[in-house]
Amino acid sequence: MFADLHLHTNFSDGTYTPEELAGHGKRLGFRALALSDHDTLEGCERMAVACAVNEIEFIPAAELTAELDGHELHLLAYYVDAANARLLVELARFQEVRQNRIREMVAQINKLNVPLRAESVFEIANCRAPGRPHVARALVKQGFCHNLDEAFDRFLKKGKPAWVPKFKMSAVEAVDLVHQAGGVAVMAHPGLNRCDDLIPALADCGMDGLECFHTKHAAAESAHYLRMAEQQNLLVTGGSDCHGLSKGKPLIGGIKLPYWRVEELKKRAEQNAARAKQSAGLS
Ligand code: AMP
Ligand code: FE
Ligand code: FE
Ligand code: ZN
């Protein structure tokens with residue numbers, strides 16, 4: 001009885017379709033899976049069907065990028081109402097920002113005499129939430145780089161010539177956005193963003209949980225964040241952050257979150273949805 005609560009499909013920068021991802025989930029024996037594509041919920045409809053076919057419980061989610069005190073952090077928005085008007089407006093805005101950012105990154109790459117075209121990136125991305133991995137894939141496909149690592153190292157990593165900052169909403173606003181849509185707000189991979197000092201403030205703002213288990217967290221880091229979650233009274237989640245194959249193997253399967261954590265998450269979602277409904281009725 002395990003879950004993976006952090007997965008991407010080709011509706012953002014993952015390579016699997018929802019059907020392929022659910023198929024891997026079935027093969028690996030998962031009881032529940034959450035789809036958390038960047039800045040979109042579009043893949044959730046198909047993922048819900050694919051999970052039902054494979055007798056897997058499906059949890060809708062999206063991964064938002066936010067900022068606090070100059071630090072970038074990622075917020076997983078679980079169980080949000082996919083019809084929530086304010087959320088849909090914000091997601092559309094984040095998607096537009098992503099598309100404009102692709103054009104800016106390509107322009108920077110062109111300045112270095114690499115004649116990549118934005119259209120070839122959009123063609124590869126074939127989704128509304130394109131990101132740096134799509135630029136990297138286009139660079140490799142067109143023969144401008146040997147592999148994705150080279151594309152990131154030469155052009156796309158923070159501080160490299162084609163790195164373009166992304167518009168980010170403040171983390172406090174993002175938590176509020178998730179809550180008014182009846183969802184549960186969880187900080188993704190805290191070990192990657194290294195902003196532990198901000199966690200108590202975010203917990204005070206109502207952030208619900210911490211992704212203690214993640215592919216890139218060493219065992220000691222997971223233990224550290226588990227202690228922190230306990231101290232701050234935060235829910236504990238975990239996921240592989242699978243974007244497809246990693247070193248020739250599907251990344252899904254590497255993190256197995258005990259299913260009772262999903263039940264805790266669901267309980268919180270019910271409370272948050274009831275509260276959102278009540279405040280919507282009041283306003
Ligand atoms: P973006 O949201 O456009 O800034 O792209 C971030 C995504 O790029 C992450 O979700 C990862 O999927 C991927 N990524 C970030 N850094 C690297 C890297 N060094 N090598 C490969 N992929 C990366
Ligand atoms: Fe990604
Ligand atoms: Fe992330
Ligand atoms: Zn992710």
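## The enclosed cavity

Asp 39, Thr 65, Phe 94, Val 97, Arg 98, Lys 166 and Phe 167 form the lining of the largest cavity. In this predicted model, local features need pLDDT of at least 70 and side-chain atom pairs count only at pLDDT 80 or more, while totals for chains, interfaces and linings use all residues. Residues are numbered from 1 along each chain as its sequence is written, and ligands are numbered from 1 in the order in which they are written.

A cavity is a set of points, on a 1 Å grid over the protein atoms alone, where a 1.4 Å probe fits but cannot get out; lining residues have an atom within 4 Å of a point. The volume of the largest cavity is about 50 Å³, a volume being the space filled by probe spheres set on the points. Helix H3 contributes the most to this lining, with 3 residues. The lining of the largest cavity comprises 3 nonpolar, 1 polar and 3 charged residues.

## The largest pocket

A pocket is an open set of points with protein on both sides within 12 Å along at least five of seven lines. The largest pocket has a volume of about 1,800 Å³. It is lined by 42 residues, of which Arg 132, Pro 133, Phe 152, Lys 216 and His 243 are the closest to its centre. Elements that give two or more residues to this lining include strand S3 (57-68), helix H3 (85-111) and helix H5 (132-141). By residue type, the lining of the largest pocket divides into 10 nonpolar, 15 polar and 17 charged.

## Surroundings of ligand 1

Among the residues that surround ligand 1 are Asp 13, His 38, Arg 98, Arg 132 and His 243; a residue is counted here if one of its heavy atoms lies within 4 Å. Polar contacts are pairs of N or O atoms within 3.5 Å. A polar side-chain atom of Arg 132 is 2.9 Å from an oxygen atom of ligand 1. For His 38 the corresponding distance is 3.1 Å, and for Arg 98 it is 3.2 Å.

## The iron site

Glu 63 (OE), His 74 (ND1) and His 189 (NE2) coordinate the iron ion (ligand 3) at 2.0 to 2.2 Å; donors are N, O and S atoms within 2.8 Å of the metal (3.2 Å for Na, K and Ca). Glu 63 in strand S3 and His 189 in the loop between strand S6 (184-187) and H8 are 126 residues apart, linking distant parts of the chain. Glu 63 is buried, with a relative accessible area of 1%, and His 189 is buried at 3%, where buried means under 20% (1.4 Å probe, protein chains only).

Notes:
Side-chain values use heavy atoms; hydrogens and water are left out. Helices (H or I, at least four residues) and strands (E, at least two) are DSSP runs, numbered from the N terminus. Ala, Val, Leu, Ile, Met, Phe, Trp, Tyr, Cys and Pro count as nonpolar, Asp, Glu, Lys and Arg as charged, and the others, Gly among them, as polar. Buried means under 20% relative accessible area, exposed over 50%, partly exposed in between (1.4 Å probe, protein chains only). A polar contact is a pair of N or O atoms within 3.5 Å; within protein, one must be able to donate a hydrogen and the other to accept it, and residues adjacent in sequence count only if both atoms are side-chain atoms.
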